[in-house]
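Okay, thanks for coming, everyone. Let me put the structure up and then walk you through it.

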Amino acid sequence: MTITDATLTQHGFLASGAGRVLLLACGALAREILAVKDAGGLDHLDLQCLPAIYHNHPEKIVPAIEVAVTKHRDDYDKIFVVYADCGTGGQLFEKCKELGVSMVEGPHCYSFFETNAVFESRDEMTAFYLTDFLVRQFDAFVWDPLGLGRHPALRDMYFGNYTKLVYQAQTDNADLQAKAQVCADRLGLTYEYRFTGYGDLETSLAAL
Amino acid sequence: MSEEDDIILSELNDEDLVAQMFDDLYDGMREEIEEGVNLLIARGWMPYRVLTEALVGGMTIVGADFRDGILFVPEVLLAANAMKGGMAILKPLLAETGAPRVGKMIIGTVKGDIHDIGKNLVGMMMEGAGFEVVDMGINNAVEAYLEAIEVEGPDILGMSALLTTTMPYMKVVIDTLIEKGMRDDYIVLVGGAPLNEEFGKAIGADAYCRDAAVAVETAKSFMARKHNQGAMA
């Protein structure tokens with residue numbers, strides 16, 4: 001099956017129906033989850049993704065998760081939500097608790113990719129993060145929604161308080177590193193490369 | 001637009017000029033707004049009238065269209081930037097002419113958080129509504145809020161946060177005010193993308209404000225109540 005980033009961004013990913021455990025995830029994590037699943041032979045996991053663009057609209061995440069859990073609850077032994085808090089202000093955690101499902105710990109994928117403990121210890125207030133997916137989809141998630149192509153003067157209003165762009169790489173990919181450097185340049189930020197692999201995502205999935 | 005179609009602001013009568021300024025504000029045209037403000041002042045308008053009728057009137061439309069999903073953040077920021085240009089001209093004149101002051105607010109993003117777009121919008125809209133606003137900037141620890149309270153003597157304390165990890169710090173500030181027996185002396189308003197009304201109540205704020213327009217209305221409402229309480233005392 002061919003997955004495109006554009007599809008993951010706008011539409012997400014449909015479950016195959018095979019597997020005892022359904023992962024309800026952000027579309028921005030689809031490739032990474034499938035990689036972890038394949039590498040670990042985690043055939044009991046099935047994956048369904050919500051549109052990744054909800055990353056920019058956290059208010060859509062909680063209702064969409066509720067609908068998906070309700071719809072699929074009877075089809076699987078267990079449902080696991082592969083979102084961190086993701087800007088929902090604790091509401092996703094509360095909703096998962098109410099629905100009786102678990103979720104990945106942490107404030108954001110930036111945190112669990114690096115492992116939550118390491119991310120917290122860094123205390124990088126002025127870092128702007130990109131993952132593999134967000135590097136590939138930089139225009140769709142950052143440049144275009146912020147209107148920076150049409151209004152370049154807005155760049156410093158958005159990013160004036162940031163000092164660096166950190167590319168948290170899940171894979172070792174020279175093309176993505178070059179693109180991330182360009183993203184940093186476009187935002188007027190210094191560039192830092194940091195290989196993270198899958199961090200707490202991997203351990204969370206392996207525990208299911 | 002061809003040269004023949006260019007609108008010469010100075011050739012418009014007051015009514016048409018204000019209408020044009022609404023359009024220019026909507027389109028984020030800072031230079032045109034500055035020119036319009038200067039023209040109205042030169043025509044004898046009081047600074048407060050320029051502020052309320054031309055700028056705030058225009059920003060109210062921007063705010064409503066943002067709320068209704070017609071305008072998005074980039075356009076609102078451009079409009080705000082245009083209003084800022086007009087405000088820079090009006091501010092000293094407002095001080096000179098003794099324009100009515102609704103109240104005083106200190107506002108800052110909480111410790112650990114560098115996001116200030118929402119805070120800046122609120123600050124500007126509050127100024128437009130006649131509040132004196134002291135902007136504390138970003139990454140404010142409780143000590144900074146206490147110091148600003150002591151120095152500025154505000155009616156309202158505004159706190160902003162964009163991160164789920166930083167929003168709990170608002171409670172630290174409020175709890176400190178409670179410990180010091182100061183909480184009831186101030187109206188505490190909170191805002192930021194991950195917040196909601198429930199959170200505002202849980203941490204002991206007076207109100208959660210969904211956006212800048214709501215912040216202004218909420219602040220006005222609380223100030224009116226405060227004045228009424230004062231009158232009844």
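Before anything else, a word on how elements are named: helices (H or I, at least four residues) and strands (E, at least two) are DSSP runs, numbered from the N terminus. What you're looking at is a predicted model, where local features need pLDDT of at least 70, side-chain atom pairs count only at pLDDT 80 or more, and totals for chains, interfaces and linings use all residues. Residues are numbered from 1 along each chain as its sequence is written, while chains are lettered from A and ligands numbered from 1 in the order in which they are written.

Let's start with Ile33(A), which sits in helix 2 of chain A, residues 30-40. Is Ile33(A) buried or exposed? I call a residue buried if 20 or more other C-beta atoms lie within 10 Å of its own, exposed if 12 or fewer, and partly exposed in between, with C-beta atoms placed from the backbone. Ile33(A) has 22 other C-beta atoms within 10 Å, so it's buried. Contact here is when the C-beta atoms of two residues, placed from the backbone, lie within 7 Å. Skipping neighbours within four places in sequence, Ile33(A) is in contact with Leu23(A), Ala25(A), Leu47(A), Val82(A) and Leu205(A).

Most residues other than glycine have a negative phi. Cys86(A) isn't a glycine, yet its phi is positive, about 55°. You'll find Cys86(A) in the loop between strand 3 (78-82) and helix 4 (91-99) of chain A, and it counts as buried because it has 22 C-beta neighbours inside 10 Å. Over in chain B, Asn139(B) also has a positive phi of about 55° without being a glycine. Asn139(B) belongs to strand 2 of chain B, residues 131-140, and is partly exposed, with 19 other C-beta atoms within 10 Å.

Next, domains. Chain A splits into domain 1 (5-104) and domain 2 (119-195), with bounds that come from an automatic or database domain assignment. Their C-alpha centres are 25 Å apart. Eight residues from domain 1 of chain A and nine residues from domain 2 of chain A make the contact. On the domain 1 side, helix 1 (5-10) and helix 2 of chain A are the elements giving two or more residues.

How many residues of chain B are in contact with chain A? It's 17 residues of chain B against 17 residues of chain A. On the chain B side, helix 4 (73-97) and strand 2 of chain B give two or more residues, and helix 4 of chain B gives the most, with three residues.

On to cores. A nonpolar core is a set of buried Ala, Val, Leu, Ile, Met, Phe, Trp, Tyr and Cys residues joined through C-beta atoms within 7 Å. The largest one has 69 residues, and Leu25(B), Met125(B), Met126(B) and Met170(B) touch the most other members. Helix 4 of chain B supplies the largest share of this core, nine residues. There's also a second, separate core of 59 residues, including Cys26(A) and Leu165(A).

Last stop: helix 5 of chain B, residues 117-128. Here 12 of the 12 residues are buried, so the helix is largely enclosed by the rest of the structure. Among them are Lys119(B) and Glu127(B). Just after helix 5 of chain B, Gly130(B) takes a positive phi of about 100°. That's my tour, thanks!

Notes:
Expected span 1.5 Å × (residues − 1).
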